[in-house]
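Please find below some notes for a colleague who is about to go through this model. They are arranged as numbered points, each of which can be checked against the coordinates.

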Amino acid sequence: MKLIDCHTHLHDFEETEISEIIHRAKLANVAAIITAGTTIESSANAINLSKSYDHVFPGVGIHPNELNESFSEKTTTQILELASNDEVIMISEIGLEFRENSPDRAVQYKAFRRQIGIARELSLPIVFHCRGAYEDTIRVLKEERAFEVGGAMHYFQADQIIANQLIDLGFYVSLGRPLSRIDELQEVTLNIPINRILIETDSFPQPFKKYRENWTEPRHTLDVANEISCIKNIDIEEVASITSHNTLQMLKNPIKLKHHFDSVFHYSGT
Ligand SMILES: [Zn+2]
């Protein structure tokens, strides 16, 4: 069984911890980890980390909560340069977050649109964040023709209508640990075809948790897979195989990932 954690911030953990985190992930059948940048600096760190570990792959992008006054031409160029590195397999983490203290919406729209433009220019998929802005996100995905490169809404917690709209546009739905505690999300998951589901942990350092062992790590990808297995009554091996295959499809099967996932790559199920 080989799982892919399709969205983490692994490079944000203490350097001294990272090899142990990867080891624990491997013991839990997680054979590839995608680590997403959230700023210019963090995107560069994600790329650097991927150079040290065979099974770590970077995404680059600026998270909506990390935007300041403007999204300048200089920033666009920097993201484009970072994303042009051979190692980079996706534009992530980008998106929209419309909450009270979120950055200016006009800046968020501009950053989201520009970064979709970069993804299209480089033919990379997008894995995007969305909070309180579901309709707006779908509209931007359509207007910017993001479906031409495809991707996934990460840490999905929306309703069936949004799930259907994403699937109709050709996007995947990426599920994380909230699946174990949100009844409505379990209901929606029941109705999402398994061939549109990806798995992630969105793991990052969580010092606000009392015990270190309670921090979410890529190893918890297995827990999410188990949850999906129970909800949909599909064997865990099949959940792993199909969701890993889905990730590869989204990534257009980059050679590096294919090398690690030959058996998954050749999976011919639905
Ligand atoms: Zn994230």
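1. Which residues in helix 3 meet which residues in helix 4? On the helix 3 side these are T76, I79, L80 and A83, and they meet R114, Q115, I118 and L122 in helix 4. The model is a predicted one, and the points that follow should be read with this in mind. By class, the residues in this contact comprise five nonpolar, two polar and one charged.

2. Two packed helices are described by the angle between their axes and the distance between the axes. For helix 3 (residues 73-83) and helix 4 (residues 105-122), the angle is about 35 degrees and the axes are 10 Å apart, while the crossing of the two is right-handed.

3. Turning to the sheet, eight strands form an open arrangement in the order 1-2-3-4-5-6-7-8, with parallel pairing. Strand 1 (3-8) and strand 8 are the edge strands, each of which pairs on one side only, and the twist from one strand to the next averages 30 degrees.

4. In the parallel sense, strand 2 (residues 30-36) is joined to strand 3 by four bridges, and strand 3 pairs with strand 4 over two bridges. The bridge partner of T35 in strand 3 is P58, whereas G59 has its bridge partner, M90, in strand 4.

5. Is strand 3 (residues 56-60) mostly covered or mostly uncovered? It is mostly covered, since five of its five residues are buried. In a regular strand the side chains alternate between the two faces of the sheet. Here V56, P58 and V60 point one way from strand 3, F57 and G59 point the other way, and all of them are buried.

6. In soluble globular proteins, nonpolar side chains tend to be buried together. The largest nonpolar core of this model has 73 residues, of which I91, I126, A152 and V173 touch the most other members, and strand 2 gives the largest share, six residues. Leaving aside residues up to four places away in sequence, I91 touches G59, V60, G61, A83, Q115, I118, A119, L124 and I126. Among these contacts of I91 are A83, Q115 and I118, which also take part in the meeting of helix 3 with helix 4.

7. Most residues other than glycine have a negative phi, and most peptide bonds are trans. A cis peptide bond, with omega of about 20 degrees, joins S92 and E93, and E93 lies in strand 4 (residues 90-97). Y155, although not a glycine, has a positive phi of about 50 degrees, and D202, not a glycine either, also has a positive phi of about 50 degrees.

8. Where do Y155 and D202 lie? Y155 is placed in the loop between strand 6 (151-153) and helix 6 (160-168), and D202 in the loop between strand 8 (197-199) and helix 8 (221-232).

Key
Residues are numbered from 1 along each chain as its sequence is written. This is a predicted model: local features need pLDDT of at least 70, side-chain atom pairs count only at pLDDT 80 or more; totals for chains, interfaces and linings use all residues. Axes are lines fitted to C-alpha atoms, for helices over the stretch in contact, and angles run from 0 to 180 degrees between N-to-C directions. A crossing is left-handed if the near helix is turned anticlockwise from the far one by less than a right angle, and right-handed if clockwise. Two residues are in contact if their C-beta atoms, placed from the backbone, lie within 7 Å. Ala, Val, Leu, Ile, Met, Phe, Trp, Tyr, Cys and Pro count as nonpolar, Asp, Glu, Lys and Arg as charged, and the others, Gly among them, as polar. A residue is buried if 20 or more other C-beta atoms lie within 10 Å of its own, exposed if 12 or fewer, and partly exposed in between; C-beta atoms are placed from the backbone. Two strands pair if DSSP finds at least two bridges between them. A nonpolar core is a set of buried Ala, Val, Leu, Ile, Met, Phe, Trp, Tyr and Cys residues joined through C-beta atoms within 7 Å.
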